[in-house]
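Here are my notes on this one, as numbered points you can check against the viewer. I start with a loop and work towards the middle of the fold.

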Amino acid sequence: MKIEDIKRVLILGAGTMGQQIGLQCAMYGYDVVFYDLSQEILDKALRRIAKLGSWYVSSGHLTEENLRQTLARISATPDPEKAAQDVDLISESVPEDPELKGKVFARFHKLCPERTVFTTNTSMLVPSTFAEATGSPQKLAALHFHDLRANNIADVMPHPGTAPEVTKLVHDFAVSIGQIVILLHRENSGYVFNT
């Protein structure tokens with residue numbers, strides 16, 4: 001898969017970072033679907049995303065028309081099968097528990113198309129701690145964002161089993177959504193920016 005093949009992004013976890021990442025992807029033209037455990041969580045997240053989008057308008061980063069188009073590219077569902085349909089790339093932001101992350105990825109590994117690339121936004125764990133549990137360790141890399149309102153730096157960190165073409169694709173994807181990428185050549189629990 002090449003960068004131009006990525007059209008649809010699945011955000012696993014609609015908390016603060018998931019919201020920022022999903023909005024960022026939609027701002028740069030990607031179709032985004034949010035998945036979380038309940039419609040109530042998702043409805044609250046969508047309201048916060050709209051509010052964040054309004055902040056981008058007030059700060060001059062988006063026009064009202066840009067925001068309208070951006071929000072139109074965002075959907076949400078608590079149905080994992082529906083969330084997984086036609087997904088090209090996953091960005092995961094669930095709690096910092098390697099067992100949980102492995103289980104979530106394993107579930108979506110069974111539901112998503114074979115081409116789907118997995119990324120984790122973990123800020124403390126290295127991807128090798130749950131790579132095997134995902135079912136597709138070669139398609140997993142960390143794509144670690146920071147507060148997107150304050151900076152546009154992202155760490156890309158493969159683990160030893162990540163396919164080189166996946167590392168490149170994740171790097172190119174991060175660039176395509178306006179990030180300055182720090183590419184790590186070996187795992188480091190503090191990444192670079194945090195350290």
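1. Take a look at asparagine 151, whose side chain reaches the backbone nitrogen of isoleucine 153 at 3.1 Å. Asparagine 151 sits in the loop between S6 and S7. Bear in mind that this is a predicted model. Buried or exposed, then, for asparagine 151? Its relative accessible area is 19%, and since the cut-off for buried is under 20%, asparagine 151 counts as buried.

2. Glycine 161 is in another loop, the one between S7 and H6. With a relative accessible area of 40%, glycine 161 is partly exposed. Once neighbours within four places in sequence are set aside, glycine 161 is in contact with Pro137 and Gln138. If you want a distance to check, the C-alpha atoms of glycine 161 and phenylalanine 105 are separated by 16 Å, and these two residues are 56 apart along the chain.

3. Aspartate 86 deserves a glance for its backbone: phi is near 60°, a positive value in a residue other than glycine. As background, most residues other than glycine have a negative phi. Aspartate 86 belongs to the loop between helix H4 (80-84) and strand S4 (89-92). Its relative accessible area is 54%, so aspartate 86 is exposed, the cut-off being over 50%.

4. Next along is serine 93, in the loop between S4 and helix H5 (98-111). What does its side chain make a polar contact with? The partner is the side chain of asparagine 121, at 3.5 Å. Leaving out neighbours within four places in sequence, serine 93 is in contact with Leu12, Gly13, Met17, Gly18, Ile21 and Asn121.

5. Now the strands. S1 (residues 8-12) and S2 (residues 31-35) pair in the parallel sense, and five bridges hold that pairing. Valine 9 stands opposite valine 32 in S2. Between S1 and S2 the chain passes through helix H1 (residues 16-27), and this β-α-β crossover is right-handed. S2 also runs parallel to strand S3 (residues 74-77), with four bridges joining them. In that pairing, phenylalanine 34 stands opposite alanine 76 in S3. Why call S2 largely enclosed by the rest of the structure? Because four of the five residues of S2 are buried.

6. Tyrosine 30 is in the loop between H1 and S2. Tyrosine 30 is buried, at 8% relative accessible area. A polar contact of 2.7 Å joins its side chain to that of serine 176. Tyrosine 30 and lysine 7 are 23 residues apart in sequence, yet their C-alpha atoms are 5.5 Å apart in space. Beyond its neighbours within four places in sequence, tyrosine 30 is in contact with Ile3, Ile6, Lys7, Val9, Cys25, Arg73, Phe173, Ser176 and Ile177.

7. On to the packing. In soluble globular proteins, nonpolar side chains tend to be buried together. Here the largest nonpolar core has 37 residues, and those that touch the most other members are Val9, Cys25, Phe34, Leu143 and Phe173. Which elements each supply at least two residues of this core? They are S1, H1, S2, helix H2 (39-58), strand S6 (140-144), strand S7 (153-158) and helix H6 (164-176). H2 gives the largest share, six residues.

8. Last, the cysteines. How many disulfides does the model have? The count comes to zero. For cysteine 25, the nearest cysteine sulfur is that of cysteine 112, 15 Å away, and a disulfide requires the sulfur atoms to be within 2.5 Å. Cysteine 112 is likewise in no disulfide. Cysteine 25 is buried, with a relative accessible area of 1%, and cysteine 112 counts as buried at 9%.

How values were computed:
Residues are numbered from 1 along each chain as its sequence is written. This is a predicted model: local features need pLDDT of at least 70, side-chain atom pairs count only at pLDDT 80 or more; totals for chains, interfaces and linings use all residues. Side-chain values use heavy atoms; hydrogens and water are left out. Buried means under 20% relative accessible area, exposed over 50%, partly exposed in between (1.4 Å probe, protein chains only). Two strands pair if DSSP finds at least two bridges between them. A crossover is right-handed if, with the strands pointing away from the viewer, the path from the first strand over the helix to the second runs clockwise. A nonpolar core is a set of buried Ala, Val, Leu, Ile, Met, Phe, Trp, Tyr and Cys residues joined through side-chain atoms within 4.5 Å. A polar contact is a pair of N or O atoms within 3.5 Å; within protein, one must be able to donate a hydrogen and the other to accept it, and residues adjacent in sequence count only if both atoms are side-chain atoms. Contact means heavy atoms within 4.5 Å.
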